[in-house]
Structures are given as C-alpha cells and as structure tokens.
Amino acid sequence: MSSDSHRPISLRVSNNRAYVWDVEDIATLRAEHHICGVLTGTLPHLSQQNVFLGIPLLLMPEEAVLLLDKKLAVLVDDARAHPSPSPDTLARWTTARRESAQLQIAAALEAAAKERAGRHSMTEDALRKRREREERRAAAARARALAETAERDPMVPAPPLTASAADRPATPGVGAAPAYTVTVPASSASLPWYAPDHRTCTSLADARAAGVWTYPADLHERARCAVFRDLWEQGFFMGGGIRFGGDFLVYPGDPLRYHSHFTATVHDAPISTIRPMEIVAHGRLGTATKKAHLLCGWDDVKQEVSYFSIEWAGFG
C-alpha cells in the first residue's frame with residue numbers, strides 16, 4: 001500500500017455516481033475504512049463474462065456521502081476534469097502510447113523466445129541424429145513397399161510413398177504473427193491534460209453548488225445516509241440489500257469472510273406505519289436466508305436512529 005494512504009481518496013463522479021479507479025485506493029477503502037463498493041469493470045482477458053469483475057469500483061451514494069463527511073475522500077467532477085487537449089499534446093500522447101505498445105510487444109516476443117529456447121534446447125548434433133533416424137525409417141518404409149509390390153504383381157504400380165517429415169510442406173498459417181495483449185492504463189491520472197485540481201469538491205455543500213452531487217435530496221435519502229453512518233460507526237460492513245428485500249445488508253466483518261447478519265430496511269420516522277404483511281414477509285424472508293430483519297427508524301428532529309429486529313419463530 002502506498003505511503004500516502006492517509007490522503008483523501010478521489011471519488012470520480014460521472015452521471016451522479018461515484019467511482020474509484022485506483023487499485024491502491026480500493027484496497028485502502030476496504031482495509032481501513034470498511035467500504036466495499038461493487039466492482040463494475042470487465043477484465044481484459046475475460047471480457048465476455050460478468051462473474052469476475054475489475055475496476056472501476058462503484059460506490060453506493062451513502063458510502064460516498066459518508067467518506068465526504070468524514071474527510072476521507074473528495075469528489076472530482078470527472079467530465080469537466082478532462083478538457084480537450086491541444087493537437088501537440090494529443091500527438092505526443094499518441095506517440096508515447098504507440099511506443100509503449102511496441103515495447104510491450106518486444107518484451108513479449110523476447111519472453112516467448114526465451115521460453116521456446118528453454119523448452120527446445122537441442123544441440124545441432126541431436127537435430128542431425130533425429131533427421132538421420134527419420135531418413136532411415138523412410139528408406140525402410142520404401143524398401144518394404146517395393147518388396148511387397150514385387151511379390152504381388154510386377155505389373156501393378158507401387159503405392160505412393162509417404163514423404164518424410166523433412167519433405168512435408170509447411171502447414172499454412174503456422175508462421176503467422178501471434179497476437180499480443182497490450183496494457184493500457186485505466187486511470188486518467190497519467191494523462192497530461194487531466195486537471196482534477198480545479199474540479200474537486202471537499203464538502204457536500206461545495207458539490208451541490210458546483211452541480212456535481214445532489215444526494216441526499218429528500219428526507220428518505222437523508223434517513224438512508226444516517227442509518228448507514230450509524231451502523232458503519234458501530235463497526236459493521238455494509239452492502240446493498242435489494243436481493244434480500246431490504247435497503248442494506250449488515251455484515252459483522254469483511255463480506256469476503258462473513259455472511260451478513262441483518263437485512264436492514266430504512267424508515268423515514270420511528271413512528272412509520274408498517275403493514276402486518278410486511279412484518280411477516282420480512283421475518284420469513286430473513287429467517288429463510290439465515291438473517292434477522294432490521295427495521296431502522298430515523299428521527300429527523302432528534303437526529304437519532306432506533307432499531308427493531310424481526311426473526312421468524314414457531315408458534316405453540
């Protein structure tokens with residue numbers, strides 16, 4: 001991990017969504033700040049699947065708001081941070097990118113040549129002996145074919161002879177140039193014309209004023225942010241809960257090591273009306289997935305969160 005892990009992490013905003021493009025920042029978010037997000041990028045060598053994904057990391061709005069409030073991250077208006085480069089700058093960047101690709105291909109060719117040399121490290125004497133063996137086998141095969149033909153009928157022409165390995169024509173396409181994968185940097189930090197310094201917001205008020213970020217915009221979104229923050233401050237890891245009928249999944253530790261203990265549903269007020277069928281559905285679904293359902297009520301006046309858990313149990 002880099003030595004400047006305590007610097008604010010850059011959250012690049014596009015279409016009101018916060019992304020993290022730096023692998024070091026992704027590791028810092030998970031290991032130090034208990035923020036997981038969701039990887040959304042395809043892998044270069046496995047672009048036709050969506051089981052294993054790569055950068056960028058997409059954050060939930062509540063995660064981005066929390067990081068901004070805690071001064072752990074800044075928001076970058078990514079679209080405006082990419083001004084149009086001058087023709088000279090673009091030409092230099094294109095040339096550098098082409099040279100980088102050529103260097104990568106040259107390194108791949110050198111590595112392939114070393115591998116072939118190590119795999120087929122045969123001396124000239126060994127090659128000569130192999131050719132002599134093949135020629136002796138071919139001569140013996142011709143002699144057998146002539147002998148069988150003479151015994152059968154002298155007037156019958158001899159069958160066509162099998163060519164030796166040295167006389168066989170080369171298979172078409174064997175000598176074709178192989179294809180190589182060239183690595184292209186995913187982050188814009190290395191672009192000469194990338195200028196995020198003047199497009200960076202350090203607070204929600206600045207982001208709203210610049211039109212970069214609008215979340216939270218109403219009472220329900222404020223309640224979601226407050227519940228997320230309260231559970232995060234208690235040491236829980238948080239994830240999206242839509243698959244289990246809730247707003248969040250609450251984990252006691254890293255989701256790579258633990259199953260979630262709760263499915264959390266956010267209510268705008270601690271006295272919100274809940275239908276009996278909702279209680280039954282939350283309780284049975286939570287129990288079926290080995291979780292308890294957590295009802296989270298946000299009091300916008302007292303700025304407090306209250307909790308009530310539901311778990312299905314047998315009767316009688």
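Predicted model: local features only at pLDDT ≥ 70, side-chain atom pairs only at ≥ 80, totals over all residues.
Which residues touch the most other members of the largest nonpolar core? The legends below take up this question first.

Figure 1. Residues are numbered from 1 along each chain as its sequence is written, and side-chain values use heavy atoms, without hydrogens and water. A nonpolar core is a set of buried Ala, Val, Leu, Ile, Met, Phe, Trp, Tyr and Cys residues joined through side-chain atoms within 4.5 Å. Buried means under 20% relative accessible area, exposed over 50%, partly exposed in between (1.4 Å probe, protein chains only). The core has 40 residues, and Leu11, Leu29, Ile35, Leu59, Leu75 and Trp213 touch the most other members. Helix α6 (residues 219-233) gives the largest share, seven residues. Helices (H or I, at least four residues) and strands (E, at least two) are DSSP runs, numbered from the N terminus.

**Figure 2. Around Leu11.** Contact means heavy atoms within 4.5 Å. Beyond its neighbours within four places in sequence, Leu11 is in contact with residues including Tyr19, Leu59, Leu67 and Val76. A second, separate core of five residues includes Val76, Leu191, Trp193 and Tyr194.

Figure 3. His282, Gly283 and Gly286 are buried in α7. They lie on the same side of α7, because they cover an arc of only 95 degrees around the axis (directions from the helix axis to the C-beta atoms). The buried residues pack against β9 (262-267), β10 (292-299) and β11 (304-310). The face turned away carries exposed Pro276, Met277, Arg284 and Ala288.
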